[in-house]
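Please look over the sequence and the structure shown here before reading the briefing that follows.

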Amino acid sequence: MLANLGSLTLTPWIYVIVGMSVLLDVFLPVLPSGVLVIAAATAAAGTGTAAGAVSATHGATADVPDILGLVLCAATASCLGDLVAYRLAWRGGDRLDRAIARSRRLTAAQARLGNALIRGGGLLVLVARFAPAGRSVVSLGAGAMHRKAAEFLPWSALAGLAWAGYSVSLGYFGGQWLGATWLGAAVSALALFAAGAGAAYALRGPSARRTPTPAPGASPAAQQ
């Protein structure tokens, strides 16, 4: 399948597929957009190496435009998806507010996001882009809280570029070192998942990590 994907990277369709997957996973976090970006970069590295072997006399390989194109495509789609979610949440009204209020995770993330953006600490937006479903929580939370676009969108663009650059780099170097095979793509995907786990851990915050888990069967008085 990587061979087929490798030939697809030589056509404009790979950018359409990657772009749509990245754009939509803000609403459907189960979409494997990161894995798709890595697989495409891995295949592009393989096809670029083959093309470079044929055209070595030109002093450059043919994989650079494909890699740069994947980064720009994924980053642009990420920012556009964030913007769509942000605007929908902005106009969501009471229905979205009630949905957020029913979710402890969304409520906590909303409070952290508000404090971070007020302090100018939009680094939260950047970190959340790597966490599972973090992009959805942050984009919807910023819109629901009616945060100014100038406070959110620049960080969203930076987060999308960082995520796209990291994902494509993983696939490219995995393809260079381990070959354009499923092994290279799998190792690169594991590195992406590890970054996501680290981001999720960081977003929990020190207080959440220090909160002890109540013992099973413990009475409310004993837990206080």
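The residues lining the largest pocket divide into twelve nonpolar, five polar and three charged, where Ala, Val, Leu, Ile, Met, Phe, Trp, Tyr, Cys and Pro count as nonpolar, Asp, Glu, Lys and Arg as charged, and the others, Gly among them, as polar. This is a predicted model, in which local features need pLDDT of at least 70 and side-chain atom pairs count only at pLDDT 80 or more, while totals for chains, interfaces and linings use all residues. Residues are numbered from 1 along each chain as its sequence is written, and side-chain values use heavy atoms, with hydrogens and water left out.

**The largest pocket**

- A pocket is an open set of points, on a 1 Å grid over the protein atoms alone, where a 1.4 Å probe fits, with protein on both sides within 12 Å along at least five of seven lines, and lining residues have an atom within 4 Å of a point.
- The lining has 20 residues, of which Asp-25, Pro-29, Ala-131, Pro-132 and Ala-133 lie nearest the centre of the pocket.
- Helix 10 gives the largest share of this lining, four residues, helices being DSSP runs (H or I, at least four residues) numbered from the N terminus.

**Ala-41**

- Ala-41 has 0% relative accessibility and therefore counts as buried (under 20% relative accessible area, with exposed over 50% and partly exposed in between, using a 1.4 Å probe and protein chains only).
- Ala-41 and Ser-167 are 126 residues apart in sequence, yet their C-alpha atoms are 8.3 Å apart in space.

**Cysteines**

- Cys-73 counts as buried because its relative accessibility is 16%, whereas Cys-79, at 22%, counts as partly exposed.

Terms used
Helices (H or I, at least four residues) and strands (E, at least two) are DSSP runs, numbered from the N terminus.
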